[in-house]
Each structure stands twice: as C-alpha cells, then as structure tokens.
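Student: Hi! Could you walk me through this structure while I have it open?
Tutor: Happy to, let's have a look together.

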Amino acid sequence: MNDTLEQLIDSASLQEVLSALAEICHEKADHLRSNWQDESSAKVWERDAQAIERCASKVNN
C-alpha cells in the first residue's frame, strides 16, 4: 500500500491526494446517511474529512 500511495503522490501531489481522501470521506458519510440512516458513523466520517481538509490546506507541495 505504501508504494501505491507514493505513486499517487508522485503523479499528483500530496495536497491532491489528501483532498481526494477528504472527498471520499464525505462520500462515505453521505452513503451511511442515505443507505443506512447511520448518522453517528456519518458524523465520524465527516469529522475525519474535515481534519484531512485542514491538513491538505497546510501542505505546500
């Protein structure tokens, strides 16, 4: 998995990879809300997405 992440970062940037991860977390939260009515798990994914977005905004490469 490390090699795969390294290839993604090399082909895009760390900021883009983090932004994509944040988007995936948001989508996971939406899926949990829509399909499973699991608001508590969705909130966890939303908080994770927000944390990743804060990290992405601080990355300069």
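Tutor: Before we start, contact here means heavy atoms within 4.5 Å. Also keep in mind that this is a predicted model.

Student: Is E46 buried or exposed?
Tutor: Buried. Its relative accessibility is 15%, and buried means under 20%, so E46 falls in that class.

Student: Let's talk charges. How many salt bridges does the structure hold?
Tutor: There are three. Side chains of opposite charge can pair when their charged atoms come close.

Student: Which residue does E46 meet in a salt bridge?
Tutor: The partner of E46 is R33, at 3.3 Å from N to O. E46 is in helix 3 and R33 in helix 2, so this pair ties together parts that are 13 residues apart in sequence.

Student: What about R33 and D30, how far apart are the closest N and O atoms there?
Tutor: In that salt bridge they are 3.9 Å apart. Both residues lie in helix 2, three residues apart, which is about one turn of the helix.

Student: And R33 with E39?
Tutor: R33 forms a salt bridge with E39 too, with the closest N and O atoms 2.9 Å apart. Put together, D30, R33, E39 and E46 are linked in a network of salt bridges.

Student: New topic: where is S13?
Tutor: S13 is in the loop between helix 1 (2-11) and helix 2 (14-36). With a relative accessible area of 13%, S13 is buried.

Student: Which residues does S13 touch, again skipping those up to four places away in sequence?
Tutor: Those are L8 and N61.

Student: Last one: which residues make the nonpolar surface patch?
Tutor: M1, L5, L8 and I9 make that patch, with an area of about 390 Å². One of them, L5, is found in helix 1 and counts as partly exposed at 34% relative accessibility.

Notes: Residues numbered from 1 in each chain as written. Predicted model: local features only at pLDDT ≥ 70, side-chain atom pairs only at ≥ 80, totals over all residues. Heavy atoms only, no water. Helix = DSSP H or I, 4+ residues; strand = E, 2+ residues; numbered from the N terminus. Buried < 20%, exposed > 50% of the residue type's maximum accessible area, 1.4 Å probe, protein only. Patch = residues over 30% accessible without salt bridge, like charges linked within 9 Å, V, L, I, M, F, W, Y side chains within 5 Å. Areas by Shrake-Rupley, 256 points an atom, 1.4 Å probe, with all protein chains shown as cover. Salt bridge = Lys/Arg side-chain N within 4 Å of Asp/Glu carboxyl O.
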